[in-house]
Each structure stands twice: as C-alpha cells, then as structure tokens.
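Dear colleague,

I am passing this structure on to you, and below it I have set down what was found. Please read the notes with the structure open beside them.

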Amino acid sequence: MSTQVTVHRMVTTTTTSAFLINVGYLKTFPGILKIFQIILGCVAVGIIGHYIHWSQRSDSLVPELFFLLIATACLITTSLLLFSCICSIATASIIPKTLFVVLLHGTLSYLLVCSSINLLREVVSRNEGYKIYEKGYSSKIFSGALGLVNCALYILSSIYSVRTFRRG
C-alpha cells in the first residue's frame, strides 16, 4: 500500500540591522591596556587643563600646552582604536596584526615621554628656590607623572603589538 505525502516548504529570509558589541575584547590584554590608557589619559588631561592659567605670559604656558596637546592626541587615538575594536569583531582580529598599531603605540609613547619630561622639567625649574610654589604645582607634577605611567603602558602595548605583528 502506498501513500502520497505532500511537503510544503516555506523559505523566510530576514535581514537585521543588529549592532553587535565585542565585549570579549575588553577581557583581553590589549583591551585592558587600552582601558587603563584611556583612564590615565582622561585624568592627566583633566588635571593639566584645569591648572593652565590663561592670564600668564604665553611663553610660560608652552610646556603645559605641549603636554595637553600630546595627552589629548593619545587619548583620542586610543579611544577610537578601542571603540573600533569593540564595535567590530573583524577589526579586533585584523588591526592588531598590522604594522599600524606598532607604529602608533611607538609614536604615542615617544611623544608622551617627551612631553611629560618637558612638563616636569619646566615646572620644577620655574619653581626652583621658591618657598611658595605656583598654584597647581603639585597637580602639574602629578599630571606629568601620570603621563610617564601612561607612556609605560604605551610601551607595553607597543611590545605586545610587535609580538602580535611578528606572529602574523
């Protein structure tokens, strides 16, 4: 005895515009380093930006402005790199293997160490021999020290980027 079976198939296609966030990147070593770099950068930029006295002569503001410029550039580029790795899984897997990240972290660490040392040297030499320091002296010193710590984090990121780049 034979029976007939009719099968109806229905094909449904849907398109979605889901926005996936790569939260797993924040648990990796480069992700944690970038978070700390952003936090230290925000604190350093906030402190040095608060204690710049615009009523001073313009030539005495050069170290503070140079540090503010470099620290802000580091903060912006690191934030953009972190957001691009969080928003795209492909970016998080491809960009660390490129020479761009190695050059970026190397350049940022060099510029940050130069601006931090320049800030520390100028602030200390301006107040050398005075019993009463300028307003924000210790805060500017702390901001320069944060810049050096952040520079160490960028050097660590650069070393990790070189290893990742060589692995391919």
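Which residues does Ile48 touch, not counting residues up to four places away in sequence? They are Glu64, Phe67, Leu68, Leu119, Lys140 and Ser143, where contact means heavy atoms within 4.5 Å. Please keep in mind that this is a predicted model, in which local features need pLDDT of at least 70 and side-chain atom pairs count only at pLDDT 80 or more, while totals for chains, interfaces and linings use all residues. Residues are numbered from 1 along each chain as its sequence is written, and side-chain values use heavy atoms, with hydrogens and water left out.

Ile48 belongs to helix α1, helices being DSSP runs of H or I with at least four residues, numbered from the N terminus. Because its relative accessibility is 0%, Ile48 counts as buried (under 20% relative accessible area, with a 1.4 Å probe and protein chains only). The buried residues of α1, among them Leu33, Ile38 and Val45, pack against α2, α4 (99–126) and α5 (137–167).

Helix α1 (residues 29–50) and helix α2 (residues 62–87) pack at an angle of about 150°, with their axes 9 Å apart; axes are lines fitted to C-alpha atoms over the stretch in contact, and angles run from 0 to 180 degrees between N-to-C directions. The two helices, α1 and α2, are therefore roughly antiparallel (angles over 145 degrees). Their contact is made by residues including Ile35 and Ile48 of α1 and Phe67 and Leu68 of α2.

Notes. Angles under 35 degrees count as roughly parallel, over 145 as roughly antiparallel, 65 to 115 as roughly perpendicular and the rest as oblique. Buried means under 20% relative accessible area, exposed over 50%, partly exposed in between (1.4 Å probe, protein chains only).
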